Amino acid sequence: MGLFGDKDAKQQAKLEKVMQKYHLEDVSPALAPQIQDIAYDLAGNNLIAAGELFQGNAVESTKLDYLAAITKQNFIIIKLLDQIANK
């Protein structure tokens with residue numbers, strides 16, 4: 001039981017870190033599972049991105065920068081849509 005508690009606590013801490021990074025602390029708690037899924041997807045992609053950066057491919061690096069910007073925009077949209085829904 002202790003192992004699952006530790007894993008859940010770590011996952012919750014990671015989720016809170018992502019929510020703070022993208023300023024999503026005040027969104028509806030109902031969105032937390034979706035935000036967590038996005039965070040896990042991003043974590044997996046960062047491993048791929050790190051591998052591509054070591055190859056020194058400037059085009060791939062630029063693509064990753066654009067995708068990171070789109071991801072940040074999407075989190076802003078999530079926050080704004082949640083604010084609209086709660087009005």
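**Figure 1. Contacts of Phe75 in the predicted model.** Leaving aside neighbours within four places in sequence, Phe75 is in contact with Val18, Tyr22, Leu24, Ile35, Ile38 and Leu42. The residue belongs to helix α3, and in this predicted model Phe75 counts as buried because its relative accessible area is 2%, where burial requires a value under 20%. One of the contacts, that with Tyr22, spans 53 residues along the chain, and the C-alpha atoms of Phe75 and Tyr22 are separated by 6.6 Å.

**Figure 2. The largest nonpolar core of the chain.** This core has 10 residues, namely Leu15, Val18, Met19, Tyr22, Leu24, Val27, Ala32, Ile35, Ala39 and Phe75. Helices α1 (2-21) and α2 (32-54) each supply at least two residues of the core, while Phe75, also a member of the core, lies in helix α3. For the chain as a whole, buried residues make up 15% of the 87 residues.

**Figure 3. Ile78 and its contacts across the sequence.** Ile78 lies in helix α3 and, once neighbours within four places in sequence are left aside, is in contact with Leu31 and Ile38. The C-alpha atoms of Ile78 and Leu24 are separated by 8.6 Å, although the two residues stand 54 residues apart along the chain. Ile78 has a relative accessibility of 23% and therefore counts as partly exposed, whereas Phe75, with a relative accessible area of 2%, is buried.

Figure 4. Side chains of opposite charge can pair when their charged atoms come close. Asp26 has a relative accessible area of 51% and so counts as exposed, and the count of salt bridges comes to 1.

**Figure 5. The backbone at His23.** His23 is placed in the loop between α1 and α2. Although His23 is not a glycine, this residue has a positive phi of about 55°.

**Figure 6. A nonpolar patch on the surface.** Ile77, Leu81 and Ile84 form a nonpolar patch whose accessible area comes to about 300 Å² for the three residues together. Ile77, which lies in helix α3, has a relative accessibility of 45% and therefore counts as partly exposed. The accessible surface of the whole chain comes to about 6,800 Å², of which 62% belongs to carbon and sulfur atoms.

Figure 7. The chain has 3 helices and 0 strands, and follows the pattern α-α-α when read along the sequence. Among contacts between residues at least 6 apart in sequence, 58% join residues at least 24 apart. The pLDDT averages 77 over the chain, and 78% of the residues score at least 70. Where pLDDT is low, the predicted coordinates should not be read in detail.

Definitions and conventions: Residues numbered from 1 in each chain as written. Predicted model: local features only at pLDDT ≥ 70, side-chain atom pairs only at ≥ 80, totals over all residues. Heavy atoms only, no water. Core = buried A, V, L, I, M, F, W, Y, C linked by side-chain atoms within 4.5 Å. Buried < 20%, exposed > 50% of the residue type's maximum accessible area, 1.4 Å probe, protein only. Helix = DSSP H or I, 4+ residues; strand = E, 2+ residues; numbered from the N terminus. pLDDT = per-residue confidence, 0-100. Patch = residues over 30% accessible without salt bridge, like charges linked within 9 Å, V, L, I, M, F, W, Y side chains within 5 Å. Areas by Shrake-Rupley, 256 points an atom, 1.4 Å probe, with all protein chains shown as cover. Salt bridge = Lys/Arg side-chain N within 4 Å of Asp/Glu carboxyl O. Contact = heavy atoms within 4.5 Å.
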